[in-house]
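Please look over the chain and its model below before reading on. The report that comes after is meant to be read beside them.

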Amino acid sequence: MPGIDRYARHTVLPEIGPEGQARLAAARVLCVGAGGLGSAALPYLVAAGVGTVTILDPDRVDRTNLQRQVLYGERDVGAPKAGAGAARLRDLNPDVEIVAMEARLDATNVDELVRSHDLVLDGSDNYPTKYLLADATARLGRPLVYGSVTAWEAMVTVFDARQGPCLRCLFPQPPQGWVPNCSEAGVFGPLVGITGAMQAGEALKVLLADPSLRTLVGRLWFVDGRDLSTRQVAIPRRSGCEGCAGTAAPVADDAVRCAVDLALDARTAVSLEGAVFVDVREPDEFAAGHVPGAVNRPLSALRGGPHGLPAAATYVLYCSHGVRSRSAVAILESAGVVGVRHLDGGLARWDGELTAGR
Ligand SMILES: [Zn+2]
């Protein structure tokens with residue numbers, strides 16, 4: 001095998017070895033989006049000797065990208081990301097066939113692109129693309145390494161409908177609070193790198209298919225970049241899931257709003273006229289301490305509908321860290337409730353008093 005020395009630090013690992021390296025060399029990976037996640041994931045895929053890597057991105061490099069999209073330099077500003085990224089990656093490893101496609105993923109090209117690759121890495125930054133990709137990979141039986149970053153929080157998982165849940169098993173519709181791409185929202189640069197590198201690692205593990213390497217299929221890995229707390233949540237397969245069945249309708253471009261429109265800091269929340277705080281944690285958590293005057297409507301109960309909520313100009317939903325409340329926002333909005341916001345970071349970032357007991 002040419003260039004065997006290049007991969008010596010991989011082939012010496014028993015989980016990889018020359019056989020694993022040959023698997024990588026035979027693999028075709030599609031990376032959708034060459035922004036922050038792709039900037040981190042692509043170099044590791046190419047350096048590892050994945051045989052063919054296709055980069056799909058319709059955008060050009062903007063100066064504000066350089067804060068986190070480290071695949072590019074000053075000289076690339078204004079150039080197509082796919083082409084500029086490919087040039088950098090060919091320099092990194094000439095053994096790899098790099099295909100640059102300056103195009104947007106859409107309903108007309110998604111099936112052909114997914115079908116012609118063994119694995120897809122989601123480096124996109126918007127929900128219509130994420131759902132289009134998730135539905136196509138589930139329908140066509142290709143593993144999808146999913147990543148998403150908002151400001152200080154990130155998540156990674158592997159959707160493989162042949163053996164686990166799909167994106168719609170987790171979120172049947174785009175969760176309103178989890179909108180990754182907001183031109184006015186900030187994002188912590190190194191967190192994007194951590195997330196993209198994790199995705200590359202999961203992609204390589206899926207391709208290696210060594211039984212001792214456990215991928216994130218059926219598990220969602222979540223990290224909060226503010227304190228580096230991490231959590232893993234099991235994602236069950238959802239019976240009747242339209243994504244798994246291949247019958248889901250596409251997500252419209254205007255179906256999601258920016259997270260910064262919905263998340264409130266504590267000081268703003270308490271100053272809102274006529275606001276009602278809704279604690280979406282479980283009753284035992286509520287009993288141990290809650291925002292004064294809050295009502296308790298656990299997320300699990302809210303899924304049944306918004307019945308019994310007191311009238312309010314604004315509902316401020318909160319939980320421990322702002323994850324459940326984000327889901328609750330989506331549930332109430334889809335039930336037609338207006339004026340729904342949530343507390344950014346949850347009680348972990350609440351610095352006011354709490355009332356204990358009920
Ligand atoms: Zn599903």
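Predicted model: local features only at pLDDT ≥ 70, side-chain atom pairs only at ≥ 80, totals over all residues.

Residues are numbered from 1 along each chain as its sequence is written, and side-chain values use heavy atoms, with hydrogens and water left out.

**Overall fold**

The protein chain has 13 helices and 13 strands; these are DSSP runs numbered from the N terminus, with helices being H or I of at least four residues and strands E of at least two. Its radius of gyration of 22 Å is close to the 21 Å that the globule rule gives for 358 residues, so the chain is as compact as a globular protein of that length. That radius is taken over C-alpha atoms, and the globule rule is 2.2 Å times the number of residues to the power 0.38. Along the principal axes, the C-alpha atoms of the protein chain fill a box of roughly 70 × 45 × 40 Å.

Of the 358 residues, 51% count as buried. Here buried means under 20% relative accessible area, exposed over 50%, and partly exposed in between, with a 1.4 Å probe and protein chains only. Among contacts with a separation of 6 or more, residues 24 or more positions apart account for 70%; a contact means heavy atoms within 4.5 Å.

**Zinc site**

Which residues coordinate the zinc ion? The donors are the SG atoms of Cys166, Cys169, Cys241 and Cys244, at 2.3 Å. Donors are N, O and S atoms within 2.8 Å of the metal (3.2 Å for Na, K and Ca), and sites may look incomplete because water is not among the atoms. In sequence the donor residues follow the spacing C-x2-C-x71-C-x2-C. Cys166 lies in the loop between β6 and α7 and Cys244 in helix α9 (residues 242–245), so this pair ties together parts that are 78 residues apart in sequence.

The arrangement is tetrahedral because the four donor atoms subtend angles of 98 to 121 degrees around the zinc ion. Four donors count as tetrahedral if all angles lie between 85 and 135 degrees. For four tetrahedral donors the ideal angle at a metal is 109.5 degrees. Cys166 counts as buried at 3% relative accessibility, whereas Cys244 is partly exposed at 32%.

**Aromatic rings**

The structure holds five aromatic pairs. Rings of Phe, Tyr and Trp (its six-membered ring) pair if their centres lie within 6.5 Å; planes under 30 degrees apart count as stacked, over 60 as edge-to-face and the rest as tilted. One of the pairs is Trp152 with Phe188, which is stacked at 4.4 Å centre to centre with 25 degrees between the planes. This pair links distant parts of the chain, 36 residues apart: Trp152 is in the loop between β5 (144–150) and β6 (153–159), and Phe188 is in the loop between α7 (167–170) and α8 (189–208). Trp152 is partly exposed at 35% relative accessibility, and Phe188 is partly exposed at 34%. Elsewhere, Phe277, Tyr318 and Trp350 form one aromatic cluster.

Two charged side chains lie over ring faces, as tabulated here. A charge sits over a ring if NZ of Lys or CZ of Arg is within 6 Å of the ring centre and within 35 degrees of the ring normal.

| Charged residue | Ring | Distance from ring centre |
|---|---|---|
| Lys130 | Tyr146 | 4.8 Å |
| Arg231 | Phe222 | 4.8 Å |

**Single residues**

Ala209, in the loop between α8 and β7 (219–224), has a positive phi near 55 degrees although it is not glycine. Ala209 is partly exposed, with a relative accessible area of 46%. Leu228 is another non-glycine residue with a positive phi, near 60 degrees. Leu228 sits in the loop between β7 and β8 (229–234) and is exposed at 56%.

Leu119 is in strand β4 (residues 119–122) and is buried, with a relative accessible area of 0%. Beyond its neighbours within four places in sequence, Leu119 is in contact with residues including Arg28, Leu30, Val145 and Leu207. Gln69, in the loop between β2 (52–56) and α4 (81–92), is buried at 4%. Not counting residues up to four places away in sequence, Gln69 touches Ala34, Gly35, Gly36, Ser39 and Lys81.

Key
Tetrahedral: all angles 85-135°; square planar, octahedral: opposite > 155°, others 65-115°.
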